[in-house]
Amino acid sequence: MARVAWSNDLSVGIDAIDKQHKRILGYINELDDVIISGKADRRERIAALVDSTIDYTKSHFDFEDALLEGVGYPFVEGRQRGNESFVERVIDCRDRLNAGEDIAPSMQDALSCWLISHIKNEDADYAKWFSGQVGGFLEEGTGNEA
């Protein structure tokens with residue numbers, strides 16, 4: 001799969017969240033760079049990217065959940081279950097990598113598809129609701145910076 005470019009249709013209209021999504025997109029594109037490079041340290045670089053993706057994605061989900069709980073979003077629990085399922089899938093990729101499987105291409109495809117789906121579906125739903133509740137704006141500089 002080729003690199004994924006950020007586009008305005010991926011924006012949820014909440015600056016801090018968009019920055020976080022861009023950071024996750026950066027991990028996906030770094031994975032593409034590693035796949036293409038074919039360098040000897042490929043496996044170690046992939047492992048480091050997988051770990052970074054897990055850590056940052058958990059942080060992103062925690063930030064979203066806190067934001068949404070803070071404004072009374074009614075569907076936080078359902079989102080949390082979906083988010084936990086995604087993290088479990090990435091952890092499974094890490095386990096497969098540690099067992100010797102080359103997971104990079106399939107992981108990159110899965111991450112790309114997930115991120116786009118996550119933004120255009122789950123996040124678009126809460127963004128509409130959030131916008132109606134608080135005007136859809138957060139001050140720049142809040143949350144997990146890219």
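This is a predicted model: local features need pLDDT of at least 70, side-chain atom pairs count only at pLDDT 80 or more; totals for chains, interfaces and linings use all residues.

Me: What length does helix 2 reach from its first C-alpha to its last?
Reply: Helix 2 covers residues 42-70, which is 29 residues. At 1.5 Å a residue, the expected span is 42 Å. The value in the model is close to that: 41 Å.

Me: Is His 60 buried or exposed?
Reply: His 60 is found in helix 2. Its relative accessibility is 0%, and buried means under 20%. His 60 therefore counts as buried.

Me: Which side chain makes a polar contact with the side chain of His 60?
Reply: A polar contact needs a pair of N or O atoms within 3.5 Å. The contact here is at 3.2 Å. The partner is the side chain of His 21.

Me: How is the aromatic pair of Tyr 73 and Phe 75 arranged?
Reply: The ring centres are 5.6 Å apart, and the planes are at 75°. Planes over 60 degrees apart count as edge-to-face. The pair of Tyr 73 and Phe 75 is edge-to-face.

Me: How many residues apart are Tyr 73 and Tyr 126?
Reply: The rings of Tyr 73 and Tyr 126 have centres 6.4 Å apart and planes at 75°, so this pair is edge-to-face. Tyr 73 lies in the loop between helix 2 and helix 3, while Tyr 126 is in helix 4. The pair links distant parts of the chain, and the separation is 53 residues.

Terms used:
Residues are numbered from 1 along each chain as its sequence is written. Side-chain values use heavy atoms; hydrogens and water are left out. Helices (H or I, at least four residues) and strands (E, at least two) are DSSP runs, numbered from the N terminus. The expected span of a helix is 1.5 Å times one less than its number of residues. Buried means under 20% relative accessible area, exposed over 50%, partly exposed in between (1.4 Å probe, protein chains only). A polar contact is a pair of N or O atoms within 3.5 Å; within protein, one must be able to donate a hydrogen and the other to accept it, and residues adjacent in sequence count only if both atoms are side-chain atoms. Rings of Phe, Tyr and Trp (its six-membered ring) pair if their centres lie within 6.5 Å; planes under 30 degrees apart count as stacked, over 60 as edge-to-face and the rest as tilted.
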